[in-house]
Amino acid sequence: MKNIWNTLFLEERPSIGLSFFRIFVALAVGLHVIPSFFHLEDNYLSTAFKTFNYNFFPPSIIDWVQKSPDVLVIIFVWAFLITWFCFLIGLFSQISCILMTLCCYYFYALNDFHIGTLSWDILLVTLFLMCVTPYHGDYFSVDALRRGDIDAWRRKRPFFIQRLLQLQTASTFFFTGLYKITGQGNWITDNPIYYLMNYPTQGVTKNFLLKEWMAGHPHFCYVTGLMIVATELTMPFLLFIPRTRRAAIILGLCWHILLVLTLDVPAIFLFLFPAQMMLFIHPQKIIDWIEARRRINAKSPHPKIIYDGNCGFCRSSVRVLQVMDLWGKLEYVTGPKGMSEMKLYTSDDKIYGGFFAFRRLAWMLPMLYPVLPLVYFPGAGILGPLAYRWVARNRYLFPVFHTCSGESCHL
Amino acid sequence: MMNIQLRNKFISIFVVLWLAIFYYESTCYYYLQPLFKRELPRMKFLFPPAGWIMFYNIEDNFGYTEVYGVKNGNPQLIDPHQIFQTRALGYDNINRNALITVLTPGISDSFCPFLKRKFPYFEKFLVTYVEYPHLTEQPFEKLQKVVYACGG
C-alpha cells in the first residue's frame, strides 16, 4: 500500500512536463481575462454592468470588492498583466502564479459576467494546484536561466502536483459524462445534440459544415450524444491504463479541437484542456526522447559558438545558452581575448556574427522560439546589430550570474 | 533543505485533503445532498457550486434576450454586440447567450443605467424575452414579451 502511494504521489519524476504545462495555463488565463480589459468601462469600472457569483464568493467578499474605486481597478489590471507575463515566462514562477491567481479572484468577484464560466472554475482549480509548488518553473522559464543549471530539463520533483492535475482532468471528464445521464441530465431520455443543432444563432452552436444536415437527422444526433457520454465516462480509465493511454491522449486532443470547431466555448477549451491531455505522458518518456535526440546531435557535426572567454558577462550568457540548449546542438569554444562579437559557425560552413548569430540561434533553441517574431520584425535587422554592438562594447560593465563571476564559470 | 520524510508527510496530508474536498465538492449538489436529504456544508472560493455540469441538460426550447431602444415612440432592435462589445478569442460570448443574464430578477437597476450610458440617443429601452417553446416540432413558433422597460 505504501509503495503504491509512493509511486502515485511521492516518487520523484522529471518536472519538464509541468513546466511546459505552465505556458499553456498562462496562455489560457491571459486569453480569457485580457480581452475583458479592452472595455474596462463596460466590465469593471463604476460604469460597468456587473453580475456576481454569490455561490462562489461569500456576499461580504463581493460587497468589499465592489467598494473598489476605479483607480484600484486600474492598479489591479496592471498587477494582473505584470504577474501574468512573469508567470508566462517563468520569472519567480510560484510567486507570480500566486499573485496572478489573486488578481483573477479579484476580477471574478468584481464582475463575473465575462470571465465566469464553468471552464473558468476548472482553470481556477488548476491554478490553485500550480500555486502550491514552484516545480512548474524548473524549465522553459527565466528562473531556470537565472539558476544556470544546465541539467534543469531533467530535474526531478515529487509527482503529486502532476498526478492531482491528471486526476482533476480525468474526473472532470467522468463527472461531465455522469451528470449528463443522472440527476437532471437528459442525454439518455432525450436528444440534446439534435436540439443544439436546431438552436437559432444566439445558441451556443457554431455554423460548422455538418450542422444543417445533423439538424435534420435526429437518430444520428442521438447516437452521437450516446457516444459522447460513453467517451466521457471511459476517458479516465483509458487515460490511466498504460496500454490505452496514447490513444486516449489523441482522442482527448481531437475531442477538444472538435468542441472548439463546433461550439462557442471559451478559449480555455483551446489552450488548457488539450495541454491537460499532455500531462498524461510519462515524464521519463519525455526525458528519454530528449536524450535520444541529444545522442543523435552528439554524433553529427555541431554548430560552434565562439565567444570571449575572458568576459564574465559573455561566460554567463553562454551558460544561459547551455541551459536553453535542450537538444544539445551547440559546441562552445573560447575565442581570442577582446573579440568584438560572438560568432556562430554552422555545420554547413556558414559564419554568423553578433545579432545575426543570435537570430540564427533563435531557430536552434526551443526556449528562444518566442523571440523569433521580435528578431525578424521589420527593422530588427538594423536596430538589432546596433543594440548588440552597444551591449558588446559595455559587456565588462554588465552584471553576471553568480555562477559565472571571476573564473568559476567553467563551461 | 527539508527532511524528505517530513516533506512526504506534508505532501501526503495535502493530497488526502485535496482529494477529499475535490470529490466531495464534485458530487455534493446532485448526489450527496439528495442522498442525505439536507443541505450540506460547502466550500467557497474554489469549486463550481453545482459540480461539473457542462451541457448536461439541453431541452427542446430556447430563449434569448432582445433589447430595443425607443425613439419618438419607434422601437428599434439594438445589436447585442453593440451592447456588450468585449470580444473574446475564438468564440462569441453573445452566441453563448450571455445576454440572457440581463433577465435575472432585480438586475434592471444595474442594466438600465448601463444602457442609458451606452445609447444616449434613445429615450427608453425595452428588454424582451424571446422564446421558441418547441424548437424541433414547431420551429416557427416564437413568443416574445417585454420583461422590463428602462426610462420613459
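Author: Angles under 35 degrees count as roughly parallel, over 145 as roughly antiparallel, 65 to 115 as roughly perpendicular and the rest as oblique. Axes are lines fitted to C-alpha atoms, for helices over the stretch in contact, and angles run from 0 to 180 degrees between N-to-C directions. Helices (H or I, at least four residues) and strands (E, at least two) are DSSP runs, numbered from the N terminus. This is a predicted model, in which local features need pLDDT of at least 70 and side-chain atom pairs count only at pLDDT 80 or more, while totals for chains, interfaces and linings use all residues. Residues are numbered from 1 along each chain as its sequence is written, and chains are lettered from A and ligands numbered from 1 in the order in which they are written.

The packing in question joins helix H4 (residues 59–66) of chain A to helix H6 (residues 93–110) of chain A, at an angle of about 90 degrees and with the axes 9 Å apart. H4(A) and H6(A) are therefore roughly perpendicular to each other. From H4(A), Ile61(A), Ile62(A) and Val65(A) meet Tyr106(A), Ala109(A) and Leu110(A) of H6(A); two residues are in contact if their C-beta atoms, placed from the backbone, lie within 7 Å. By class, the residues of this contact are six nonpolar, no polar and no charged (Ala, Val, Leu, Ile, Met, Phe, Trp, Tyr, Cys and Pro count as nonpolar, Asp, Glu, Lys and Arg as charged, and the others, Gly among them, as polar).

Of the contacts in chain A with a separation of 6 or more, 76% are between residues 24 or more positions apart.

Chain A also meets chain B: 55 residues of chain A are in contact with 47 residues of chain B. On the chain B side, helix H1 (4–36), strand E1 (62–71) and helix H3 (108–118) each give two or more residues, and H1(B) provides the largest share, seven residues. That side of chain B has 27 nonpolar, 13 polar and seven charged residues.

Regarding confidence, the model scores ipTM 0.93 and pTM 0.92.
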